[in-house]
Amino acid sequence: MTITDELTALEAQAQADLAAVGDMAGLADWKSRYTGKAGALTRALRSMGSVPAEQRPELGRRLNALRVLLDAAFESAESRLKLAAQDAELASDRIDVTMPGHAPALGHTHLTNQVIAQVHAIFAEMGFQLDESPEVELDSNNFGLLNFADDHPARDMQDTFYVEMPPEAPSVLLRTHTSNAQIHAMRRAAPQPLRVLVPGKCYRNEQVTARSEMQFYQFEFLAVGRNITMADLKGMLGFFAERMYGPGTKARLRPSYFPFTEPSAEMDVSCFLCEGKGCRICKHSGWLEIGGCGMVHPTVLRNGGYDPEIFSGFAGGFGPERIALLKYGIDDIRNFYSGDVRFVEQFG
Ligand code: DAH
């Protein structure tokens, strides 16, 4: 084969290899094989010495022309590959603007807080002020000053979470009810009349079941003044029942016992589901129990700084979870704190 034939074959091979190059690494490899310093063209140039002198000019022209040709082919392959890389990048960045979007997830108020807000609004209409009391509380404010006898079963270790304290410190606990607010509110207001509503968390060392949680909310309402009677309590509850559960809902009081009220009563509202006819929710009684209440015990009034000869008052406590359980037919109180969004989202 003459050198000219060899160059023709080299050109064909170089062009074929270049056409097959698929990426930049392949292109660099091609360059070092053909047009680079140690490539085939350089080797052919070096072999000029062995060619008869009269053929050299022609061969030199061939070689130069081939270099120009292959360099140009290299450049066009390089820009082809760059464009392909850009296309691939664009394709991977591509977004379909006609696809349906993701709706942002919006939060909403938890059912418990919704009920608290509703109850607050109803009591605010009746002139009650929102108040608060400590969750970590002195034993005396939670029990003793509310007229609990020292051996009252509610003080039992099984019902109450006590806080570990040094031996000489007073007994401290997690409040078992919001009734501790009575002592704080009265001592702050006495001898002025007062009307407060106190929502808050309470804690009891109880077995967790579908009906009771260790942590739950309560409301305490308390009104103290001159000439406050049980009729005021009854009237207020009737107003609350209608506002909370709808027009026509009735309230009734059933005799009961609490150490801090005398007389004491359970508060019932007429079943708003069956309108008093009897159903599963009201256990066919036509009534739903929502909490306890009564006339503030004279001893408690005195502990709060009021003279029971001059002042009287009513108080009561109930739970927003129970109100919601009844209102929405929820069968398990543990749903409120389980954090299960399938439950929470139903009340958006
Ligand atoms: N503290 C009571 C409880 O947790 C509820 C209660 C009953 C509150 C009667 C009161 C009341 O203010 O007068 O079961």
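**Chatting through a predicted model**

Q: Let's start with Phe219: buried or exposed?
A: Phe219 counts as buried, because its relative accessibility is 0%. Keep in mind that this is a predicted model.

Q: Okay, and where does Phe219 lie?
A: Phe219 lies in strand 6.

Q: How far apart are the C-alpha atoms of Phe219 and His152?
A: They are separated by 22 Å, and the two residues are 67 residues apart along the chain.

Q: Let's switch to the ligand. Which residues around the ligand come nearest?
A: There are 15 residues around the ligand, and the nearest of them are His177, Ser179, Arg204, Gln218 and Glu220.

Q: What kinds of residues make up that shell around the ligand?
A: The shell has nine polar residues, four nonpolar ones and two charged ones.

Q: Which strands supply at least two residues each?
A: Strand 6 (215-225), strand 9 (287-296) and strand 10 (312-318) each supply at least two residues of the shell.

Q: Back to Gln218: how far is an N or O atom in its side chain from an oxygen atom of the ligand?
A: That distance is 2.8 Å. Backbone atoms come into the picture as well: a polar backbone atom of Ala315 is 3.1 Å from an oxygen atom of the ligand. For Gly316, a backbone N or O atom lies 3.1 Å from a ligand oxygen.

Q: And how much of the ligand does the protein bury?
A: The protein buries 89% of the 350 Å² that the ligand exposes when taken alone.

Q: Got it. How many salt bridges does a search of the whole structure find?
A: The search finds eleven. One of them joins the side chains of Arg252 and Asp268, with N to O at 2.9 Å. This pair links distant parts of the chain, since Arg252 is in strand 7 (residues 251-258) and Asp268 is in strand 8 (residues 261-270), 16 residues apart.

Q: Is Asp268 buried or exposed?
A: Asp268 is buried, because its relative accessible area is 2%.

Q: What about Arg254, which residue does it form a salt bridge with?
A: Arg254 pairs with Glu289, and their closest N and O atoms are 3.3 Å apart. This pair also links distant parts of the chain: Arg254 is in strand 7 and Glu289 is in strand 9, 35 residues apart. Arg254 is partly exposed, with a relative accessible area of 30%. Glu289 is partly exposed too, at 35%.

Q: And Arg334, what does it pair with?
A: Arg334 forms a salt bridge with Asp332, and the closest N and O atoms are 2.8 Å apart. Arg334 is partly exposed because its relative accessible area is 34%, while Asp332 is buried at 17%.

Q: Which residues do salt bridges that share partners join into one network?
A: That network is made up of Arg252, Arg254, Asp268 and Glu289.

Q: Now the surface. Which residues form a nonpolar patch there?
A: Val136, Val163 and Met165 form one, with about 220 Å² of accessible area together. Met165 lies in the loop between strand 3 (162-163) and strand 4 (172-174). Met165 counts as partly exposed because its relative accessibility is 37%.

Q: Last one: what is the phi of Asn227?
A: Asn227 has a positive phi of about 65°, although it is not a glycine. Asn227 sits in the loop between strand 6 and helix 8 (230-245), and Asn227 counts as exposed because its relative accessibility is 69%. Lys283 is not a glycine either, and its phi is positive at about 50°. Lys283 is in the loop between strand 8 and strand 9, and Lys283 counts as exposed at 61% relative accessibility.

Methods
Residues are numbered from 1 along each chain as its sequence is written. This is a predicted model: local features need pLDDT of at least 70, side-chain atom pairs count only at pLDDT 80 or more; totals for chains, interfaces and linings use all residues. Side-chain values use heavy atoms; hydrogens and water are left out. A residue is near a molecule or strand if one of its heavy atoms lies within 4 Å of it. A polar contact is a pair of N or O atoms within 3.5 Å; within protein, one must be able to donate a hydrogen and the other to accept it, and residues adjacent in sequence count only if both atoms are side-chain atoms. Accessible areas come from the Shrake-Rupley method with a 1.4 Å probe; for residues, only the protein chains shown count as cover. Helices (H or I, at least four residues) and strands (E, at least two) are DSSP runs, numbered from the N terminus. Ala, Val, Leu, Ile, Met, Phe, Trp, Tyr, Cys and Pro count as nonpolar, Asp, Glu, Lys and Arg as charged, and the others, Gly among them, as polar. Patches are made of residues with over 30% relative accessible area and no salt bridge: like charges are joined within 9 Å, nonpolar side chains (Val, Leu, Ile, Met, Phe, Trp, Tyr) within 5 Å. A salt bridge is a side-chain nitrogen of Lys or Arg within 4 Å of a carboxyl oxygen of Asp or Glu. Buried means under 20% relative accessible area, exposed over 50%, partly exposed in between (1.4 Å probe, protein chains only).
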